[in-house]
Structures are given as C-alpha cells and as structure tokens.
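Hi,

Here is the structure I promised to pass on. Have a look at it first, then read my notes below.

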Amino acid sequence: MKYNFEKRISKLRKLFDVLEIDSMIVYQGYNNEYLTGFSGGSGEGMFVLSRNHALLVTDSRYQEAYQNNLPNGVDLKISRDYYGETAKTLNSWKVKKVGFEENLPFYVFDFLDGELEAEFVPTPAPIEALREIKDDDEVENLRQATKRSVTAFNQLIDWIKIGLTEKEIADQLDYFARHRGLEKASFDTIVASGENSSKPHGTASDRKIESGDLVTIDFGYYFNHYTSDITRTIAIGEIDPRLINIYQIVRKAQELSIESVRPDVDLKEVDGASRSYIETKGFGKEYNHGGGHGVGLDIHEGPAVSPGSDDEAVTSQILTIEPGIYISGLGGVRIEDDVLVTKNGFENLTDGITRDLIKIEK
C-alpha cells in the first residue's frame, strides 16, 4: 500500500511556524516510518527536514531497499556516521533553529548540540500529534489488523481446553494469527489465569489452566505495519460467583465508555464513564490503570483515555477502551476493544468477538 508521505511531510513543515523552527531532526523509529516509510527503527538512521530540503541518513544495510523507494523530495545519504552527517547537512543548509523530539537520547542530543551551528530546541511531539489522526489507508490497515486478530482469537476459543499452559495458549494464538496473514505480535501475548489474572500485565507462564479459572488474554498483531490491541477474559468451567459479578461490572462499564465516544468529547469523560460506574459498584481501587490509548504504527500512541487526559476525541482516531478490575488472590477481568472515532460517533472494530462471558467446559 502506497502512503502519501509527501502530504505528511508537508503537514509537518506547516507546523514549523507554530513551533518557531525552520528545520527538524527525526530520530524515533515510528516517526521516521510515518514520514518516509523507513522501518529500520530507532537508532538506525536519521531524517532531517528543512523548509526546502529533506534527507534520510542510514547505512548500507538499507541502501538497496530505500535508494529508489523514498518519497519525492527526500534524498538518501549512506553513512554509518548518522549524527555527524546530520549535523554537517544542517550546517550546510544554513538553518537557524533546529527542532528535535523530546525523547531524543541524551547522548545524541549532546553530540548534535555541540556540532550544530544553529539553535537546537525541543518540540512538543508534533509528529505524534499528526499520527493520532489516521488517513483512509491507515484505517484500512487497522481494520485488517483487528479483523484478522479477531478471527485468530475466535479460532483459539474452539481450540482451548483444560490442562493447557498459559504459554501453550499464547503460542497457539500467535500461530493462528500468523496463518491469518498477520506479521508479528505487537507485544508478548499475555495469558494470565487464576490468581495470575489479578496482574494487569502479567506474562504467560507454565501454569496450567484449570476448572474455576478466569483467563485474561491480551493480544495484538501487525498487518502492513499497523497493529491491533485486544483483550478478553474467559471462564474455564464453573467459576466463583464473585468473578462472574466483576465480569458483568467490567462489561457494563466498557459498554458505557464505548457508547460515549464521539468527536470532540473529552477523553477523560470517556474514561470516567467506565471508572465512575466501577466506583459505584465498590471496586474503584481495584481499577488501577488508564482506560485506553491510541494505536497505529505503535501499540501505545496518543491520545490518552485516562482521568488526567487533556485530549479530545477526533474523527479518524483509533482508541482502545479497556477497563478492568483486579482482586489479589482471586482474579481479574479486563475487556478491551479497538474503536474508530467516526463523524457521527464510533465504530467498534473488534466487535467480532463477543463481550459476553465465554465459557470453556472441555
């Protein structure tokens, strides 16, 4: 799929006046990929942009892949001296004020600050802000990432049985995902059963699932460089009535948050729709994380769905909505869907998996 990288670069240049810069250095891997298609990752190259010039500096490992495959107007410089070439280039362009990403590693900042003739200043995440709002091609890739991940999970449900280990379940879901044309996992697939499910981000272990367990499965997979992020909690056999209760509370809470999504709504209100409901049921302290986040090239992007968020929902954002309750010694529940903000409200991209409690009896 061919993205309009030239349009993205143009949008960044239009922000230069607001940022009070005339050039910018891009180090972060996903930002480079968003602007140029270069997917080598952070530390494998530098993108340098001014009002009139653009250059990607990387080494010979990437020469064949990118020498004829960069956006119009972007030149390629092959060198292992990424930072030296970056400084030399900007000095030759006679720029006055160079912006850099706030998460630029200090050793890179320190070198460039000493080599650049121009003023070197931080910028407040302008590329990340552009990335929050997806274009049509990005939305289509995210649809495929979610749709195929949903299919893989539903296949897993037919396969799961008592006695399998958490690791075996995680590995099998990864296998089903690859056979659905998905590229790689967004993170180590989480399968947390029994008491382990009370850990919001536990890891898959050698523990065998058994009757009476709740099992939380948190997973996401890439399609054409864009990813999904989904969680379901399932029951193995007959479970403690207290677990059924907290499941139903989380399910209702998530529904309230999803239904509140629309353009221009404060995302702290989206978070609050589920959080306040969980609090009224007496489990406010057991909901101990944010209510969601953006997804795209990276598994965790802006905007933030949380009590302290200053963000508003904007059409064409993709948000996770993921409330949870976690009770030490008993178990935990999290339900997470990927939601597209539309002109008139929302579209749940992951509604192909039921949010009713799935029960495994075999």
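Glu-183 is partly exposed, with a relative accessible area of 41% (buried means under 20%, exposed over 50%, and partly exposed in between, using a 1.4 Å probe and protein chains only). You'll find Glu-183 in the loop between α9 and β7; helices (H or I, at least four residues) and strands (E, at least two) are DSSP runs, numbered from the N terminus. Leaving out residues up to four places away in sequence, Glu-183 touches Tyr-222, Phe-223, Asn-224 and His-225, where contact means heavy atoms within 4.5 Å. The C-alpha atoms of Glu-183 and Ala-145 are separated by 9.3 Å, although these residues are 38 apart along the chain.

Before you go further: this is a predicted model, where local features need pLDDT of at least 70 and side-chain atom pairs count only at pLDDT 80 or more, while totals for chains, interfaces and linings use all residues. Residues are numbered from 1 along each chain as its sequence is written, and side-chain values use heavy atoms, with hydrogens and water left out.

Now for a contrast, Arg-8. This one sits in helix α1 and is buried, with a relative accessible area of 4%. Its contacts, again not counting residues up to four places away in sequence, are Tyr-3, Tyr-34, Leu-35, Leu-130, Asp-135, Glu-138 and Tyr-226. Arg-8 also belongs to a helix pair: Phe-5, Arg-8, Ile-9 and Leu-12 in α1 meet Glu-33, Tyr-34, Leu-35 and Thr-36 in α3. By class, that contact has five nonpolar, one polar and two charged residues (Ala, Val, Leu, Ile, Met, Phe, Trp, Tyr, Cys and Pro count as nonpolar, Asp, Glu, Lys and Arg as charged, and the others, Gly among them, as polar). The axes of α1 and α3 are 7 Å apart, and the helices pack at about 115 degrees; axes are lines fitted to C-alpha atoms, for helices over the stretch in contact, and angles run from 0 to 180 degrees between N-to-C directions.

Next, the sheets. Six strands make an open sheet in the order β4-β3-β2-β1-β5-β6, with mixed pairing (two strands pair if DSSP finds at least two bridges between them). Its edge strands, each pairing on one side only, are β4 and β6 (119-123). From one strand to the next, the twist averages 25 degrees. Inside the sheet, β1 and β2 are antiparallel partners over four bridges, and Ile-25 has Val-48 in β2 as its bridge partner. α1 packs on this sheet, touching β1, β2 and β3, and its direction makes about 60 degrees with that of β2. α6 lies across β1, β2, β5 and β6, running at about 150 degrees to β6.

There is also an open sheet of four strands, again with mixed pairing, in the order β7-β8-β11-β19. Here the edges are β7 (190-193) and β19 (358-360), each pairing on one side only. Strands β8 (residues 214-219) and β11 (residues 230-236) pair in the antiparallel sense over six bridges, and Thr-216 stands opposite Thr-233 in β11. α8 packs on the sheet, touching β8, β11 and β19, with its direction at about 10 degrees to that of β11. Helix α9 (residues 166-178) lies across β7 and β8.

How enclosed is α5? Nine of its 11 residues are buried, so α5 is largely enclosed by the rest of the structure. The cover over its buried residues includes β1, β2, β3, β4 (75-78), β5 (97-101) and α6. Just after α5, Lys-94 takes a positive phi of about 60 degrees.

Finally, the insides. The largest nonpolar core has 31 residues, and Leu-12, Met-24 and Phe-47 are among those with the most contacts inside it (a nonpolar core is a set of buried Ala, Val, Leu, Ile, Met, Phe, Trp, Tyr and Cys residues joined through side-chain atoms within 4.5 Å). α1 gives the largest share of this core, three residues. A second, separate core of 28 residues includes Ala-177, Phe-219, Ile-230 and Ile-236. As background, nonpolar side chains in soluble globular proteins tend to be buried together.

Cheers
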